[in-house]
Amino acid sequence: FYSIRFRSGLDSIANGQSATFEFTLPAQSVPLFFEITSRLAPQTFVAAHLNTFNCPVGVTQNRDRETEFITLEAVPAEKTLTIFPNPNNGELYADLSDWAGQEVDVRVIDGQGKLIKSLKMKAETNPEFIALPPAVANGLYFMEVIGETGEKDVVRFIKE
């Protein structure tokens, strides 16, 4: 567990204002969520979860070194995950055609960050049928797909 104390660059955040919180994780860490506690007013604390979905992954350059110029080549388009129907009754289809031919990891996570289902499969061009366990409660869920090359996409869906 890490404890980080931070303050907004503003005197306070109110009336729709926002501040950006940026943090570089230690190497080899791959959390799905951060549990945070924020002080909203004197002695008023609120707990929340911040997810790391769609956060950039890469090597952080040492800011003490001189800036190096890197030539980038064309970057392929990001993979897009589509699920349907949404909302659903716990039986849904995932369009994994952007990962066709690759071994993919598919994970279903609830709103609290708990892993509900995990699958490893070879992605095909046809949509893949995925059934949630029968005891899963209605609510908001996330489906995450990670390809062989590390490309990842996450979508939200609702089970009714």
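**Figure 1. The bridge partner of phenylalanine 84 is tyrosine 93, which belongs to strand β4.** The model shown is a predicted one, in which local features need a pLDDT of at least 70 and side-chain atom pairs count only at pLDDT 80 or more, while totals for chains, interfaces and linings use all residues. Residues are numbered from 1 along each chain as its sequence is written, and side-chain values use heavy atoms, with hydrogens and water left out. Strands β3 and β4 (residues 91-95) run antiparallel and are joined by three bridges; strands are DSSP runs of E with at least two residues, helices are runs of H or I with at least four, and both are numbered from the N terminus. Two strands are said to pair if DSSP finds at least two bridges between them. These two strands belong to an open sheet of three strands, which has the order β3-β4-β7 and antiparallel pairing. The edges of this sheet are β3 (82-84) and β7 (128-131), each of which pairs on one side only. On average, neighbouring strands of the sheet are turned by 30° against each other, with direction ignored; the axes are lines fitted to C-alpha atoms, for helices over the stretch in contact, and angles run from 0 to 180 degrees between N-to-C directions.

**Figure 2. The whole protein holds nine strands and zero helices.** Read along the sequence, the pattern is β-β-β-β-β-β-β-β-β. Of the 160 residues, 22% are buried, where buried means under 20% relative accessible area, exposed means over 50%, and partly exposed lies in between (1.4 Å probe, protein chains only). The protein exposes about 12400 Å², and carbon and sulfur atoms supply 51% of this area; accessible areas come from the Shrake-Rupley method with a 1.4 Å probe, and for residues only the protein chains shown count as cover. Among the contacts with a separation of 6 or more, 46% are between residues 24 or more positions apart, a contact being heavy atoms within 4.5 Å.

**Figure 3. Glutamate 128, found in strand β7, is buried yet has no salt bridge.** A salt bridge is a side-chain nitrogen of Lys or Arg within 4 Å of a carboxyl oxygen of Asp or Glu. The nearest side chain of opposite charge to glutamate 128 is that of lysine 122, which is 11 Å away; here Lys and Arg count as positive and Asp and Glu as negative, while His and the chain ends are not counted. When neighbours within four places in sequence are left aside, glutamate 128 is in contact with Leu92, Tyr93, Ala94, Leu96, Met121 and Lys122.

**Figure 4. Lysine 120 and aspartate 105 form a salt bridge.** The closest N and O atoms of this pair are 3.1 Å apart. The pair links distant parts of the chain, with lysine 120 in strand β6 (residues 115-122) and aspartate 105 in strand β5 (residues 103-110), 15 residues apart. Lysine 120 is exposed, at 59% relative accessible area, whereas aspartate 105 is partly exposed, at 30%.

**Figure 5. A network of salt bridges links Arg107, Glu144 and Lys152.** In the salt bridge of arginine 107 with glutamate 144, the closest N and O atoms are 2.5 Å apart. This pair links distant parts of the chain, since arginine 107 is in strand β5 and glutamate 144 in strand β8 (residues 139-146), 37 residues apart. Lysine 152 also forms a salt bridge with glutamate 144, and here the closest N and O atoms are 3.4 Å apart. Glutamate 144 is buried, at 1% relative accessibility, while arginine 107 is partly exposed at 24% and lysine 152 is partly exposed at 31%.

**Figure 6. Strands β8 and β9 form a hairpin with five residues between the strands.** Strand β9 (residues 152-159) runs antiparallel to β8, and eight bridges join the two. Phenylalanine 142 stands opposite arginine 156, which is in β9. Glycine 150 in this hairpin takes a positive phi near 90°.

**Figure 7. Glycine 101 has its place in the loop between β4 and β5.** This glycine 101 counts as partly exposed, at 45% relative accessibility. Although glycine 101 and lysine 122 are 21 residues apart in sequence, they are 6.2 Å apart in space, from C-alpha to C-alpha. With neighbours within four places in sequence left aside, glycine 101 is in contact with Lys122 and Ala123.
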